[in-house]
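Subject: Structure for your review

Dear colleague,

Please find below the structure that I am handing over to you. My findings follow it, arranged by topic.

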Amino acid sequence: MSQHLSRHARLYAYAVVAVGALVLAALSINLVRAHGVKASHIFLAIFFCVLMVLASTSPVRLPRGGLVTVAFAVDFAALLIAGPALTAWAAALSWIVLLRKHPFYAIANAAQTVVVLAAAGGAYEWAGGRYVFTSDVAAGVPFRVGPLLAAGAAYIFVNSLLASAFVALKQRRPLLGIWQVNFGWLTPQFVALAPFGVLMALVYRVEELRLLVPGTDVIIPAGVALFLVPLLWARFSFQGYTQMRQVHLDTIDALARALEGHDQYHGHHADEVGRLTEEVAREIGFPESRMDALRLAARMHDIGKCFIGMEPILKKGRDLTEEDWANIRKHPEIGAKIIRQMKVIPGVAEIVRSSHERPDGKGYPDGLTAEQIDVAAMIVAAVDAYHAMTSDRSYRKAMLAAGAIAEMRRNAGTQFDARVVEAMAALWTRGELGDEMGGRPEHDDASDT
Amino acid sequence: MTIVIGAGLGGLLLTCWRGPYGGEVGGLTDWLFFLFMGCLLDMMVVPMAGGAAISAGFAVFFAYLVLAGPAAAASVAALATISTDLLTRRQVPVYRTLFNIAHITLSLLAGGAVYRALGADYGPIVLSAHIGQLAAAATAIFAVEVTTVSIAVALERRLPLRALWTANARAALPLDSALTGIGVLLAGLYGFRHQIASGLGSVFVAVMILIPSALLYYASRLYADMRRVYARTLRTLASVGEAKDPGSEGHAIRVAELAFDTSQALNCRQPEAEMIHYAGYLHDIGKVGIPGDILRKHELTDEERRLMRSHPELGAKILHPVEFLRPVADIIKYHHEHADGTGPFGLVDDSIPRGARIIHAIERFDGLVYGRHGRRPMSPLAAIDYLRQRMGGKYDAEVVEALARILVARGVLDAADLVEVLHAV
């Protein structure tokens, strides 16, 4: 593990470990001087260690990147209840349990957490805060806002700084940029979870919710554990949700590929069109927030075709009857209906439905005109046409990309959206339009026959 | 059902009439507080795997039961149930509301009886002293709850009771434990509230309980909705796959539903039953790789027949990239295996995945009854007879028997006819 790290990163990690060890020793000596060694202290540290391990197993990966664990809440609760010394022991142990297969990282993380907790505890005490376990807080709301904020700020600041410094040294990138990113996703999580920590600490104060071990002074804070259950439950559900979401998209993807099996053209088409769509959308500054919907619409915009029995029609090639065309015109509607039933991402069905509209109003199924058509649908339409012209389709021979762009420019504003065509032309000029696209020799007339 | 409703409502009236309401936590303000909390949490219906749901209101009822006894708790539970059914504006038949009130009352009465019998008195709890009684009461409530609900569902959906009971108990146990925990938390905090600055005690308790409950509810809902959406997607994709195979409309959906029930009757655990359900939807997805004219033909050449028989493998290949569906891909791959080893891959009896054995028999059953591929539709009785004659050879005996039991339970078959057929064979 550590062999892959640069010398600086390794030295930094050793330094953190050394500081962490010193801090832990100092905190422990402080605690023992004030209270002596008590079984109840040791038990409390173990208790929180178990909660921390439970809270941080397999963090949830968010769809748009970033990790979530509920460990913050436990860290914070433990700090407010037991003070920095016991919490630091609990956290350090929990890291060693969690990362037992990677001892280097386990010890480095443990040391870092010790330093962070000492800093947070120091800030808390400096602002006048007191710990439930080691001091006798009188009845009434025991935590004041000022010290809590100080502790939270110190926790986030030191935590993100130490973690970013390591990443910066490891990847040889400037510290400030990494810190900003880390700070950006740590802060909201902490702000959301710290109140749970405070609530857990409050629950600890309720004597009715403690279990006493007879014959000792050991207290089991059962209420705190009960409070953690819904949190963990929520975490597992959320994890299931994010996994299921991915599985869902993968399944749809697999179906698009399955269509490739019965009709070579379709699946390949979907793949290709998806990539092109993204490029064109970025070029015209299409909002990122709708990109998922657009990508899926491009992926699935022809799914209606496998429902209306296109196979015999497509095989016919050129000689389509009026009835065949009427059938073909139905497919965006049917596709939209299918997608609406699936309720994957909102807005996909509407894009699919309009993907055969034209700015001059001669499209189908609704005959919308330029300003009525969603630009997303126009992107799908233009990309579909471009792909049709540049690749092999039974009723039209492949054309070179240059010819396709010229043809689309001629029809900009009538058949195609002018902005979209311009974006495609710009991409093509820069040589960035698609990468396995038509216009290459193997798609030429010669290989077609 | 009527018995449960009768007993439950009778019990409710009796306990409400007799009381006792007194005690430390039996005042009107306490009752109003718990009514408020009950109504609020009861609207958080937390869905579980397998389609059933438990409302978070249970935590409130449990807390109030140990604080103030069954009369107070049952009255709050009844009003909360009614308010939920009214406020959520779902079309809930009256008998269902009554049934819900009745089974909650019954389980609270049972829980209260156990709590008292073990020497605990209704009133503020001290966890150190009452933990055993609390656990026993929660267990009693759980047992009564699962039993009454399972009986009702077994009658309504005509499913075997025992399998349903284990499935429900397994599904409900984790959530019920979590909610019981919140209930204990609420009961403990409620006794503590007087130590909080004047007047704010109840607000504090409410917030402390609402936040974790809401989080639990929200995340579970998100997950359950995603699963529902996923099942619907598979359903839709299945019908897309059926489009070019005439006479198959609805086949996949019927097979999926019957396969799910059969897997429950065979005591499959929830994740496996779910995979079997999905496999039911997707079992013929490999047919998208076979030209439509071959699917439509009845007389096939050897070459075409070989292509036709490759559809299980094709289907498995299509699903292969989706890691989550690996078990489904396996079921689909082997869903034409014969129990005696004469199938395409030559697997025998238990080496064939259970889901594949289930899908194989049920797919055949559905095909016979609905007359797929141009055959004349058969009666369900004749179709079961057909499967039974091939038990141990083509079809798995256990599966066919389970299927027959479900059909009898659903009223599709008459048990008497079934016995006759058995004798005839």
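How many residues of chain B are in contact with chain A, and how many residues of chain A do they meet? In this predicted model, 50 residues of chain B are in contact with 48 residues of chain A. On the side of chain B that touches chain A, the elements giving two or more residues are helices H6 (127–157), H7 (161–192), H8 (201–242) and H13 (311–319) of chain B. H8(B) makes the greatest contribution to that side, with 19 residues. Sorted by class, the side of chain B that touches chain A comprises 36 nonpolar, 11 polar and three charged residues.

One residue deserves a separate note. B:Val184 belongs to helix H7 of chain B, and H7(B) is among the elements that give two or more residues to the side touching chain A. Leaving aside residues up to four places away in sequence, B:Val184 touches A:Leu226 and B:Leu134. Is B:Val184 buried or exposed? It has 26 C-beta neighbours inside 10 Å, and B:Val184 therefore counts as buried. A separation of 18 Å lies between the C-alpha atoms of B:Val184 and B:Gly119, which are 65 residues apart along the chain.

Turning to chain B as a whole, its secondary structure consists of 18 helices and two strands. The C-alpha trace of chain B spans about 85 × 50 × 40 Å along its principal axes. Of the 425 residues in chain B, 48% are buried. Among contacts in chain B with a separation of 6 or more, 67% are accounted for by residues 24 or more positions apart.

In chain B, the axes of helix H9 (residues 251–265) and helix H10 (residues 270–282) come within 7 Å and cross at roughly 160 degrees. This angle makes H9(B) roughly antiparallel to H10(B), since angles over 145 degrees count as such. The crossing of H9(B) past H10(B) is right-handed. From H9(B), the residues B:Ala252, B:Val255, B:Ala256, B:Ala259, B:Phe260, B:Ser263 and B:Gln264 meet B:Glu272, B:Ala273, B:Ile276, B:His277, B:Gly280 and B:Tyr281 of H10(B). By class, this contact of H9(B) with H10(B) contains eight nonpolar, four polar and one charged residues.

In chain A, helix H1 (residues 7–35) and helix H5 (residues 145–171) have axes that come within 8 Å and cross at roughly 155 degrees. H1(A) and H5(A) are therefore roughly antiparallel to each other. H1(A) passes H5(A) in a crossing that is left-handed. The residues of H1(A) involved are A:His8, A:Ala9, A:Tyr12, A:Ala13 and A:Val16, which meet A:Leu162, A:Ala165, A:Phe166, A:Leu169 and A:Lys170 in H5(A). The contact of H1(A) with H5(A) has eight nonpolar residues, one polar and one charged.

Yours sincerely

Notes
Residues numbered from 1 in each chain as written. Chains lettered and ligands numbered in written order. Predicted model: local features only at pLDDT ≥ 70, side-chain atom pairs only at ≥ 80, totals over all residues. Axes fitted to C-alpha atoms, helices over the stretch in contact; angles between N-to-C directions. Helix = DSSP H or I, 4+ residues; strand = E, 2+ residues; numbered from the N terminus. Parallel < 35°, antiparallel > 145°, perpendicular 65-115°, else oblique. Left-handed = near helix turned anticlockwise from the far one by under 90°. Contact = placed C-beta atoms within 7 Å. Nonpolar A, V, L, I, M, F, W, Y, C, P; charged D, E, K, R; others polar. Buried ≥ 20, exposed ≤ 12 C-beta atoms within 10 Å, placed from the backbone.
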